[in-house]
Every structure is written in C-alpha cells, then in structure tokens.
Amino acid sequence: MTKRHGYALLSAFVALVVALSVTVLIRSAAGDSTSGSSATGRRPHGSSAAPASAGTWVGSWAASPVGAEPGTEAAGLAGRSVRNVVHANTGGTSARVTLSNLYGQAPLTISHASVALSAGRGTAAARAETMRRLTFDGAYAVTIPAGGQAVSDAVRIVVPHDQDVLVTTYSPTPSGPVTIHPHARQISFVAPGDRTEEATGMPYAERSAYWRYLTALDVLSNEADGTVVAFGDSITDGVTSTMGENRRWPDVLASRLRSAAASGADVPRYSVVNEGITGNQVLADGLGRPAENPSGLSRFGRDALSRPNVKVVVIDLGINDVTHSRSAADGKKITDGLRALVRQAHARGLKVVGATLTPFGGHRTWTPALERMRQQVNAEIRAGGVYDAVVDFDLALKDPRDPHRMLPKYDSGDHLHPSDLGFHTMAETLNLSLLKGAGQAEL
C-alpha cells in the first residue's frame with residue numbers, strides 16, 4: 001500500500017467516525033423516547049430533525065390525557081387528519097411532540113405527522129414556510145401500542161412565545177378509541193384524507209373542542225431554564241375561560257414570569273405547562289381501565305414529574321374531593337393525599353407551591369358541612385404542614401362580606417369556577433419569588 005493510499009483510507013475512516021458521532025449526538029439531543037412504540041416507513045432525506053442551537057428543553061404546552069372519545073370505539077379517526085391547535089407559552093429553536101394512545105384498545109399507526117406555526121388566531125391555516133414533517137426514530141411513521149405514547153424526533157423550527165402552533169396527524173387504519181383532552185378551550189380541526197402538510201387549511205371544515213392524541217409540545221429554548229407544572233382540576237384547566245384566548249391562570253402566570261425575567265427581575269426563567277383535568281380529585285379515580293380522569297395520586301408521576309426539566313409544581317387540587325365528600329373525616333384524607341404528592345416531588349428534588357381551595361358558596365353542591373371541610377383543609381395548608389410554600393387563592397377570590405362565596409366580579413356565574421378576571425387575579429396573586437429554590441427533604 002502506498003503512503004497516498006494509506007492517507008486516503010485514514011481520511012475515509014475519520015469521516016465515517018465523525019458521521020456516526022454526529023448521528024448519535026443528534027438522536028441524544030432530540031430526547032427521542034417512546035413507550036413501546038415502533039417507527040416504520042422510509043427514512044427521510046434532508047431532514048431538519050436535528051436541533052442546531054444550544055438551549056434547554058422545556059415544556060411549552062401540555063395537556064393531560066383524560067379519556068376515550070365517545071363514538072370512536074371502533075374505527076378511531078381512520079382516514080382523517082387531526083389538526084390540533086395549541087398555544088406555545090415559551091419560544092424555542094427546535095420542537096418535539098408527544099402523542100398518546102393511552103385509551104386506545106389497539107395499536108395506533110400515525111403514518112404522517114407535521115408541525116407548523118399557525119397563520120393566525122382561530123384558523124386551520126399554517127404559515128407554509130414553517131411546515132415541518134415530523135419523524136419518529138428517524139422514520140415518517142410510528143405505531144403506538146394501546147396504552148402507550150411516542151415522542152417525536154426534534155425538528156428545527158423557530159417557535160416564538162405566545163404563538164399558536166398546529167400539530168397534525170394522520171392515521172390510515174382503525175385504532176379504536178381516540179385519546180382526548182375534552183375541555184381544551186381551544187378550537188382544533190379535522191379534515192378527510194391525508195392533509196397533514198396542507199397549509200391553506202381549506203379542507204379542515206370540521207371543528208372540535210377536543211385535543212386528540214397530542215399531550216405535549218416541548219421546545220429547545222433560550223428563554224427558559226426549566227418548567228413549572230400547574231397541576232389541578234377544572235379551575236386549572238380553565239373550563240370557564242374565554243374560548244381561544246388563553247386566559248387560564250397558568251397562561252397568565254407564564255406571561256408574568258417571562259415579562260419579569262425579561263425586565264431583569266430576580267425571578268427564575270421558567271416556562272409553565274397546564275396539567276389540569278376538569279373534575280379531577282386528589283384521591284378518587286374515574287371509571288375504566290385505564291381509569292378515565294385518574295386521580296392526582298395516580299397521574300402525578302406521568303403529568304408532573306415527567307415534564308422536561310421540571311423545577312416546581314404548583315398544585316391547586318382538592319375542591320372536587322370536598323364536593324364529593326361523604327364524611328367529615330375526609331378533610332384529613334385530602335390533606336394526607338396532598339402530602340403524598342409533595343413527597344413524590346421532594347424525592348425528585350422539586351419544590352411544591354400549593355394553593356388554598358377557592359370558595360364555592362352558591363354552587364349546587366355547597367352545604368355548611370362541606371364549607372367547614374374546605375376551611376379545615378385551608379387551615380392545614382396555611383399552617384405550613386402540607387406544601388413548601390402557599391399561594392392563597394381563597395383569600396384572593398373570596399367576597400370579604402360573604403367569605404364562603406367568590407366576589408361577584410371573579411365568579412364565572414356558576415359560583416365554583418372563576419371568570420377571566422378571576423383567573424387573572426389568581427395568577428397575579430402568586431408571588432414569583434416562591435418559584436425559586438428546590439424541594440425540602442420532607443415536611
């Protein structure tokens with residue numbers, strides 16, 4: 001072998017090593033993760049799947065899987081494109097999504113998926129230049145087993161904060177029940193056929209108030225260093241907030257945090273994701289296997305602890321346990337359940353800020369006995385024996401002249417759920433300095 005040939009072989013070998021190393025780094029940076037899912041289909045060429053810039057993976061949007069969509073038990077949404085509209089509260093230079101088949105009873109095949117920036121509020125139209133095809137373990141298609149989920153590869157896309165994002169999936173075959181989050185307070189869309197990369201939005205004539213399959217949008221961000229999880233029930237879910245306006249209290253908290261950090265205030269640079277479920281309780285699961293509307297204790301690991309770079313959990317949970325209570329002793333069970341959540345968070349080194357339970361006088365479920373229980377739970381929370389820190393939502397919303405009721409301007413009208421102004425007041429009540437620091441060993 002000549003020296004010249006030797007150099008050529010050495011150069012080729014070095015090039016191969018570099019290429020393999022880059023591939024490994026790309027897959028690692030993408031945070032690729034699936035729960036028993038398998039990627040299928042041809043592998044893309046010229047993919048934009050590798051994040052090109054530095055940053056921290058944080059949650060930009062999330063929604064808990066709640067149950068199975070009625071009417072989809074047999075065919076699912078086979079042969080239709082689902083375009084979920086979600087609101088990114090934190091910006092980034094790359095994105096990845098999580099798709100869930102938790103309530104499916106058969107494997108779910110997603111043969112085509114995309115992400116794009118919305119062309120405007122309340123529309124299925126996309127900004128065409130931002131359309132990106134998603135891949136899963138390098139392949140266009142993925143099959144998610146019943147009960148499982150799949151996380152896409154990261155894709156390069158500049159996502160500004162306060163931007164609506166379109167995540168579209170197409171499933172060609174029947175898959176059984178569709179996993180949904182039913183109280184989205186956001187209109188999404190459905191179209192016949194594979195319209196995954198259709199930018200105009202014209203085929204998307206069917207409107208929906210559900211989020212289907214999609215449970216998370218993460219971004220590689222230079223705006224945030226960690227994630228705050230808002231964990232709660234319908235009050236966190238924002239069930240009475242204005243449709244499509246992102247006025248839930250976690251939305252307002254995200255804006256406050258970002259503005260304060262940008263102004264140089266001594267606050268952490270965190271994103272906020274909403275893991276509220278309407279009707280959720282600390283202790284009781286819903287019906288079915290897996291349980292629909294699982295209890296806070298059942299879902300805390302999935303919905304709170306598994307979020308990317310989670311630092312703090314803000315818990316506003318327990319009012320449904322009160323309204324469904326049958327015994328005065330249930331107040332202690334509620335606070336014991338909340339302490340169990342805190343212990344799980346502390347085991348991960350996380351801080352937990354907890355909220356007092358808000359007034360519901362005038363609601364159809366209210367009784368003097370249940371009011372005493374709510375006051376008992378709140379007294380325990382305020383005494384510091386449950387959480388690392390406390391935000392007093394009860395004090396912020398109650399009518400000083402009639403403390404078991406919300407002040408009328410904060411009441412949506414049903415005497416349980418706040419109005420937009422009430423949600424805004426809740427977020428303003430939370431002292432941002434409470435989000436600093438790690439969890440205690442144990443209370």
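Predicted model: local features only at pLDDT ≥ 70, side-chain atom pairs only at ≥ 80, totals over all residues.
1. Alanine 95 touches Trp57, Asp153, Ala154, Val155, Ile157, Val159, Leu217, Asp218 and Val219, leaving aside residues up to four places away in sequence, where contact means heavy atoms within 4.5 Å. Alanine 95 lies in strand 5, and its relative accessibility of 1% makes it count as buried, a word that stands for under 20% relative accessible area, with exposed being over 50% and partly exposed in between (1.4 Å probe, protein chains only).

2. Residues are numbered from 1 along each chain as its sequence is written, and side-chain values use heavy atoms, with hydrogens and water left out.

3. The secondary structure of the protein comes to nine helices and 24 strands; helices (H or I, at least four residues) and strands (E, at least two) are DSSP runs, numbered from the N terminus. Of the 443 residues in the protein, 55% are buried, and among contacts with a separation of 6 or more, 82% are made by residues 24 or more positions apart.

4. Strand 17 (residues 214-221) is largely enclosed by the rest of the structure, because eight of its eight residues are buried. Strand 2 (residues 56-62) runs antiparallel to strand 17 and is joined to it by six bridges, and strand 5 (residues 92-100) is likewise antiparallel to strand 17, with six bridges; strands pair if DSSP finds at least two bridges between them. Aspartate 218 in strand 17 stands opposite glycine 59 and also opposite arginine 96.

5. A search of the whole structure finds three aromatic pairs, where rings of Phe, Tyr and Trp (its six-membered ring) pair if their centres lie within 6.5 Å, and planes under 30 degrees apart count as stacked, over 60 as edge-to-face and the rest as tilted. One of them joins phenylalanine 231 and phenylalanine 300, whose ring centres are 5.0 Å apart and whose planes stand at 90°, so the pair is edge-to-face. This pair links distant parts of the chain, with phenylalanine 231 in strand 18 (residues 226-232) and phenylalanine 300 in helix 4 (residues 296-305), 69 residues apart. Phenylalanine 231 counts as buried at 0% relative accessibility, and phenylalanine 300 is buried with a relative accessible area of 0%.

6. The rings of tryptophan 249 and phenylalanine 393 have their centres 5.4 Å apart and their planes at 65°, so this pair is edge-to-face. It too links distant parts of the chain, since tryptophan 249 is in helix 3 (residues 249-262) and phenylalanine 393 in helix 8 (residues 393-397), 144 residues apart. Tryptophan 249 and phenylalanine 393 are both buried.

7. The axes of helix 6 (residues 330-347) and helix 7 (residues 368-382) come within 9 Å and cross at roughly 35°; axes are lines fitted to C-alpha atoms, for helices over the stretch in contact, and angles run from 0 to 180 degrees between N-to-C directions. From helix 6, Asp330, Gly331, Lys332, Ile334, Thr335, Leu338 and Arg339 meet Met373, Gln376, Val377, Glu380 and Ile381 in helix 7.
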